[in-house]
Amino acid sequence: MLRVGIVGCGGIARSHGRAYAADPRVELVAVHDVDPSAAETFAAEVGARACSSVADLVAQDVQLVSVCTPPGTHTDTTVELLGLGTSVLLEKPPTVNLADMDRIAQAESTSAGAVFVVFQHRHGSGAKRAHRLLAEGTLGVPQVAVCETLWYRPDSYFDPAWRGNWAGEGGGPTLGHGIHQIDLLLHLLGEWRTVDARATRVARPVEFEDVSTASVTFASGAVASVTTSLLSPRETSRIRIDTTGGTLEVEHLYGYTDADWSWYPLPDARTAAANGTDPGAGQRSTGASDATDVWAASAGQDVPSNHAAQIHDLVGDLLAGRPHPTTLASTRPTMEFVTALYASSLEGETVAREDLTSDRAFYHRLDGGLPAERVSARMSRA
Ligand SMILES: NC(=O)c1ccc[n+]([C@@H]2O[C@H](COP(=O)([O-])OP(=O)(O)OC[C@H]3O[C@@H](n4cnc5c(N)ncnc54)[C@H](O)[C@@H]3O)[C@@H](O)[C@H]2O)c1
């Protein structure tokens, strides 16, 4: 049995609570929140003890703690937990800047515990298949990709005092919303090299962007465009990767199943397989058993991309003493990308990954520590 705790008893803590409750290998023993009534209510829901501090929670002999607090508090809470020797499952975004990320990494290096980050879309069966088949070269070599987070949040979404400003959120929707798709894109395509970006405030009452667009190059030579929007009424989340072998695509909203993935092989290959079908008449993979369709042939159990999927993987890995892949270090390229997007947009130039050194202001703050009027003017369309 793995004894676990949860710090931060708000919305997403419920997803962690449900995933732990559904796993017979786990005992959720303790929860904590700065708001004692939030901790009491959640503790009663999940049948755990409400603790008055992080130290009290760790004293309940927990081996893993989910950190489900707002992003700006992730670093202090995680460093405290690591200091007490506990492993952490840290919600996204792991931190609000690279300096904090490195502070956690430093604490991790001297702790008995380790840090894992919630990026649940790496853990559905579709992403696992895509990752494996792309790494093996079975789907060809990626050349062009499109990554879209086209969501809708009305003005009222920003009513809470901590929303819509750098102080409360640390960054705009690229950090808070687009990061899920960005993380999956980078996970699938590997090392990125440069970012040219524009973060723009088109309509919402916020200090940062409500839309960002970026052009990315990868070490492999592939290129991608990345768009994040909170102004898009028909909401969708999409990654499309065109390879030398075909088009791999996933389109969903807040979580996918296998049915949301498709593979469109090169028409020539499909023509040959179909023995006489006109070139260009390739169709979406139906998932039907077809030995010539490498995507359909790789299908296994359909695991949707949600907290339960990642928590199931993590618990299994921890209990078996296996490494769990979604480490803090594995998510640094994603935070580097977000940092580069803001730096490129606010400085008006291409940013290379190796430029993101600790002597740059953007390493410490995603607004680069620039005067608020300058950030605002740069992001405003006017
Ligand atoms: N993976 C996902 O799909 C997903 C979805 C939504 C939110 N999130 C992430 O989950 C985190 C929490 O978001 P939420 O929507 O649940 O927020 P929330 O506001 O609903 O809940 C946060 C809770 O943390 C408590 N809290 C604040 N500071 C604290 C501290 N220092 N110590 C202990 N408790 C503290 C608050 O009192 C509140 O109860 C954020 O990082 C967010 O980005 C992830």
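Predicted model: local features only at pLDDT ≥ 70, side-chain atom pairs only at ≥ 80, totals over all residues.

Colleague: Now the helix α1. Which of its residues are buried?

Modeller: Ala 13, Ser 15, His 16, Gly 17, Ala 19 and Tyr 20. Their cover includes the strands β1, β2, β4 and β5. The helices α2 and α12 also belong to that cover.

Colleague: Some of those sit three or four places apart. Why would such residues point the same way?

Modeller: An α-helix has 3.6 residues a turn, so residues at that spacing point the same way.

Colleague: On to the largest pocket. What is its volume?

Modeller: About 1,100 Å³. Among the 44 residues of its lining, Ile 12, Thr 69, Pro 71, Glu 91 and Lys 92 are the closest to the centre.

Colleague: Which elements give two or more residues to that lining?

Modeller: They are α1, α4, α8 and α9. The most comes from α1, with 3 residues. By type, the lining has 16 nonpolar, 22 polar and 6 charged residues.

Colleague: Take Thr 69. Why is it called buried?

Modeller: Buried means under 20% relative accessible area. Thr 69 is at 16%, so it counts as buried. It lies in the loop between β4 and α4.

Colleague: What does Thr 69 touch?

Modeller: Leaving out residues up to four places away in sequence, it touches Val 7, Gly 8, His 74 and Thr 77.

Colleague: How do you know that the side chains of Thr 69 and Thr 73 make a polar contact?

Modeller: A polar contact needs N or O atoms within 3.5 Å, with one able to donate a hydrogen and the other to accept it. The contact between these two side chains is 2.6 Å.

Colleague: What makes the peptide bond from Lys 92 to Pro 93 stand out?

Modeller: That bond is cis, with omega near -15°. Most peptide bonds are trans. Pro 93 is in the loop between β5 and α5.

Colleague: Is Asp 61 buried or exposed, and why?

Modeller: The mark for exposed is over 50%. Asp 61 has a relative accessible area of 53%, so it is exposed.

Colleague: Next, His 252. Where does it lie?

Modeller: In strand β12, which covers residues 246–252. His 252 has a relative accessible area of 8%. The limit for buried is under 20%, so His 252 is buried.

Colleague: Which polar partner does the side chain of His 252 have in Gln 181, and at what distance?

Modeller: The partner is the side chain of Gln 181, at 3.2 Å. The side chain of His 252 also reaches the backbone nitrogen of Gly 255, at 3.0 Å.

Colleague: Last stop, the leucines. Why is Leu 370 called buried?

Modeller: Its relative accessible area is 19%, and buried means under 20%, so Leu 370 counts as buried. It is found in the loop between α14 and α15.

Colleague: And what makes Leu 346 buried?

Modeller: Leu 346 is at 6% relative accessibility, so it is buried by that cut-off. Its place is in helix α13.

Colleague: How do you know that Leu 346 and Leu 370 are in contact?

Modeller: Contact means heavy atoms within 4.5 Å. Leu 370 touches Leu 346, Phe 362 and Val 375. The contacts of Leu 346 include Phe 362, Leu 366, Leu 370 and Met 379.

Key:
Residues numbered from 1 in each chain as written. Heavy atoms only, no water. Helix = DSSP H or I, 4+ residues; strand = E, 2+ residues; numbered from the N terminus. Buried < 20%, exposed > 50% of the residue type's maximum accessible area, 1.4 Å probe, protein only. 1 Å grid on protein atoms, 1.4 Å probe; cavity = no way out; pocket = protein on both sides within 12 Å on 5 of 7 lines; lining within 4 Å. Points joined across faces, edges and corners; volume = space filled by probe spheres on them. Nonpolar A, V, L, I, M, F, W, Y, C, P; charged D, E, K, R; others polar.
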